[in-house]
Amino acid sequence: LTESLAHFSVLYYLKQKLSKKDFTRLVKKLRRWVYRYSNTGPVVYGTRINLLEGKYEAYQAVVYNKGALVMLMLADLLGEEEFDRRLRSVVENSKYHSLSTWEFIRKFSGGNKMVSGFLQNWLFKRAIPTVELVLDYDDQETDNKKFKQVVLIIKQVNTDYIFPLKLR
């Protein structure tokens, strides 16, 4: 978790300094690396990933990149102000003490089941959720007015992860 938060800090800084296009490109690159190595283990395996796999790239992809992207998603879900407030609270209340991942989750979530479940899924599981999108539309007419009716069905396949989903 320490490495994940350190790498997140770099991403958070770069989000402020890079153009939106460059930052998006960077996040996509990190995400591709995570997809390639996500089955090697969950974030909480830490250095064991390198020991078990013998691939430093797998360790970096999961611990640094996936962990940082998880925190970035969580900041997106909660909003940056709320995320910062919770993170500062954990730091202030745990100064000079080491925290296990479970303790971090408990303190950061503050009893919020959505936040706790989000962190548990993303940090303790190898999987990356598979999402299916089905878009259907047809022409409709009501009171002599024509319009398109759009139906969007979004579902996860074999998972129950929480993650941000923005529709435009």
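**A buried arginine and its partners**

Author: Arg86 is buried, because its relative accessible area is 12%. The cut-offs are simple: buried is under 20% relative accessible area, exposed is over 50%, and partly exposed is in between (1.4 Å probe, protein chains only). Keep in mind that this is a predicted model, in which local features need pLDDT of at least 70 and side-chain atom pairs count only at pLDDT 80 or more, while totals for chains, interfaces and linings use all residues. Residues are numbered from 1 along each chain as its sequence is written, and side-chain values use heavy atoms, leaving out hydrogens and water.

Now look at the partner. The side chain of Arg86 meets that of Glu82 in a salt bridge, at 2.8 Å from N to O. A salt bridge here is a side-chain nitrogen of Lys or Arg within 4 Å of a carboxyl oxygen of Asp or Glu. Why are these two separated by about one helical turn? Arg86 and Glu82 are four residues apart in helix 5, so about one helical turn separates them. Helices (H or I, at least four residues) and strands (E, at least two) are DSSP runs, numbered from the N terminus.

Glu82 has another partner. Arg85 and Glu82 also join their side chains in a salt bridge, at 2.6 Å from N to O. Arg85 and Glu82 are three residues apart in helix 5, so they too are separated by about one helical turn. Is Arg85 buried or exposed, or in between? Arg85 is partly exposed, because its relative accessible area is 47%. Glu82 is partly exposed as well, with 25%.

The structure holds six salt bridges. Lys155 is partly exposed, at 46% relative accessible area. Glu132 counts as partly exposed too, at 36%.

Step back to the whole chain. Seven helices and two strands make up its secondary structure. Starting at the N terminus, the elements run α-α-α-α-α-α-α-β-β. The C-alpha trace spans about 70 × 35 × 35 Å along its principal axes. Of the 168 residues in the chain, 32% are buried.

What is packed inside? The largest nonpolar core has 38 residues, and among those with the most contacts inside it are Met71, Leu74, Phe83 and Phe104. Helix 5 (80–93) is one of the elements that supply at least two residues of this core, and so are helix 1 (2–17), helix 2, helix 4 (56–78), helix 6 (101–109) and helix 7 (113–124). Helix 4 gives the largest share of this core, 13 residues. A nonpolar core is a set of buried Ala, Val, Leu, Ile, Met, Phe, Trp, Tyr and Cys residues joined through side-chain atoms within 4.5 Å. In soluble globular proteins, nonpolar side chains tend to be buried together.

Some residues of the helices have a share of open surface. Leu14 has its place in helix 1. Leu14 counts as partly exposed, because its relative accessibility is 24%. Twelve residues along the chain separate Leu14 from Leu26, and their C-alpha atoms are 9.5 Å apart. Met114 belongs to helix 7. At 31% relative accessibility, Met114 is partly exposed. Arg36 belongs to helix 2 (residues 20–37). Arg36 counts as exposed, because its relative accessibility is 62%. Met114 and Arg36 are 78 residues apart in sequence, and their C-alpha atoms are 27 Å apart in space.

A nonpolar patch on the surface includes Val131, Leu133, Tyr137, Ile154 and Leu167, and the whole patch has about 860 Å² of accessible area. Strand 1 (130–142) and strand 2 (145–157) are the elements that give two or more residues to this patch. Strand 1 gives the most, with four residues. Leu133 lies in strand 1. Leu133 is exposed, because its relative accessible area is 57%. Patches are made of residues with over 30% relative accessible area and no salt bridge, with like charges joined within 9 Å and nonpolar side chains (Val, Leu, Ile, Met, Phe, Trp, Tyr) within 5 Å.

Conventions
Areas by Shrake-Rupley, 256 points an atom, 1.4 Å probe, with all protein chains shown as cover.
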